[in-house]
Amino acid sequence: MSFNGNGTHASTVRSLKPGIYAPIPSFFLPDSEDLDIPSFENHVVRVATAGVGPLLAGSMGEAIHLSHEERVTLIKTARKALDNVGLLSVPVIAGIGAGSTRESIDLANEAAAAGADYAIAITSGYFAGALAGNKKALKAFFQEVSSKSPIPVMIYNYPGASGGINLDSDLITELAIDCPNICGVKLTCGDVGKLTRVAATVSDPIFSSLHPRTNKNAPFLVLGGFSDFLLPSTYSNGHGAITGLANVAPYAIVKLFQLSEASIVDPSFLPEAQRLQGIVGRADATIAKASISGTKYLLQKLYGYGGHPRRPLPPIDVVAAEALWEHSHTQALVRLEQEVSGKVQ
């Protein structure tokens, strides 16, 4: 797909909308650790069919283990797979996390040229000791990356993957106001108060008129990084979540978001939303502890693909894997996914 100017594509418009997105794992062949393209295609289509948007080369996607060429391959593969099943309007978000501002900009250009519609950027944690307390430097990073990216850029706030750097709500709000090519934030810090404060500004009806985006199809979205606070974040004017759990149970997470939104208009939906939030919240906490290898194990168990992470990230221990699968929180989620999707896994 071609692009022209900051934040705009020259062809199909794929709007960034409130909802559920999943950081897609990168799958690898067992011996060579080369990309397992068929499993990747299968999974992208699986989650997108359930109404979940794909985010490629993020933390769950082991971006740190991927070359530039592999990232491009995944973007092109995802776009083609989606188009082949008629999901032409589903946007692709690509991670552009790197060690330097320069490389993040390079990755943004490569992602756009490969067909990505949006990018998501995280501050490098390698020099976190120098950056963490330097608000000016942190702001400059996102300002420069977003201003030089040909596609809109989302802020990724994940202290666990950035050496403990944790952007506060004041800085995120400043970036939303000052950077028209920034299209949102993913809060994997799990801070509901932060989400509430940022959403209070960007969800105000006057915000979009005072601070229009470079791309009118890319409003500033405030997204949680987990699904265990999806219902309360909806009541704080949040816009959904980018959540690893949507890889395992995409239909259930989408249904929870739909019920959460519906309950604001019609409170009769609230008890069911609360029921689903309880199941999802417990499962999210349990499965997140098993990290990438645990999610891949569950995908293997449920759908027949998953495999291991790239070394040096180890696979999940056999005993831990069995315990994860048999855990009551996991089994409750599996039953909910079957109930909502109408399928027996």
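Which side chain does Asp 117 meet in a salt bridge? In this predicted model, the partner is Arg 79, with an N to O distance of 3.6 Å. The pair links distant parts of the chain. Asp 117 sits in the loop between helix 3 and strand 4 (118-121), whereas Arg 79 belongs to helix 2. The two residues are 38 residues apart. Asp 117 has a relative accessibility of 2% and therefore counts as buried, since the cut-off is under 20%. Arg 79, at 6%, also counts as buried.

A second salt bridge joins Lys 135 and Glu 174. Their closest N and O atoms are 2.7 Å apart. Lys 135 lies in helix 5 and Glu 174 lies in helix 6 (residues 169-178), so the bridge ties together parts that are 39 residues apart in sequence. Lys 135 is partly exposed, with a relative accessible area of 39%. Glu 174 is partly exposed too, at 25%. Elsewhere, salt bridges with shared partners form one network. Its members are Arg 14, Arg 79, Asp 83 and Asp 117.

Glu 62 is in the loop between strand 2 (53-56) and helix 2 (68-84), and Lys 296 is in helix 13 (residues 291-303), so the pair ties together parts that are 234 residues apart in sequence. Both Glu 62 and Lys 296 are buried. The model has a count of twelve salt bridges.

Helix packing was examined next. Two packed helices are described by the angle between their axes and the distance between the axes. Helix 3 (residues 101-114) packs with helix 5 (residues 135-148). The angle is about 25 degrees, and the axes are 9 Å apart. Angles under 35 degrees count as roughly parallel, and helix 3 and helix 5 are therefore roughly parallel to each other. The crossing of helix 3 past helix 5 is right-handed. Helix 5 is also the element that holds Lys 135 of the bridge to Glu 174.

Most residues other than glycine have a negative phi, and most peptide bonds are trans. Ala 57 has a positive phi, near 55 degrees. This residue is placed in the loop between strand 2 and helix 2. Ala 57 is buried, with a relative accessible area of 7%. Asn 237 is not a glycine, yet its phi is positive, at about 70 degrees. Asn 237 is found in the loop between helix 9 (230-234) and strand 8 (240-242). Its relative accessible area is 46%, so Asn 237 is partly exposed. The peptide bond between Arg 311 and Pro 312 is cis, with omega about 15 degrees. Pro 312 lies in the loop between helix 13 and helix 14 (318-326).

The loop between strand 2 and helix 2 also contains Leu 66. Leu 66 has 9% relative accessibility and so counts as buried. The C-alpha atoms of Leu 66 and Arg 79 are 18 Å apart in space. In sequence, the two residues are 13 residues apart. Val 52 is in the loop between helix 1 (37-49) and strand 2. Val 52 is buried, with a relative accessible area of 1%. From Val 52 to Lys 216 the separation is 164 residues in sequence and 22 Å in space, C-alpha to C-alpha.

On the surface, a nonpolar patch is formed by Tyr 235, Ile 264 and Val 265. Together these residues have about 330 Å² of accessible area. Ile 264 is in helix 11 (residues 250-265). The relative accessible area of Ile 264 is 46%, so this residue is partly exposed.

Conventions:
Residues are numbered from 1 along each chain as its sequence is written. This is a predicted model: local features need pLDDT of at least 70, side-chain atom pairs count only at pLDDT 80 or more; totals for chains, interfaces and linings use all residues. Side-chain values use heavy atoms; hydrogens and water are left out. Patches are made of residues with over 30% relative accessible area and no salt bridge: like charges are joined within 9 Å, nonpolar side chains (Val, Leu, Ile, Met, Phe, Trp, Tyr) within 5 Å. Accessible areas come from the Shrake-Rupley method with a 1.4 Å probe; for residues, only the protein chains shown count as cover. A salt bridge is a side-chain nitrogen of Lys or Arg within 4 Å of a carboxyl oxygen of Asp or Glu. Helices (H or I, at least four residues) and strands (E, at least two) are DSSP runs, numbered from the N terminus. Buried means under 20% relative accessible area, exposed over 50%, partly exposed in between (1.4 Å probe, protein chains only). Axes are lines fitted to C-alpha atoms, for helices over the stretch in contact, and angles run from 0 to 180 degrees between N-to-C directions. Angles under 35 degrees count as roughly parallel, over 145 as roughly antiparallel, 65 to 115 as roughly perpendicular and the rest as oblique. A crossing is left-handed if the near helix is turned anticlockwise from the far one by less than a right angle, and right-handed if clockwise.
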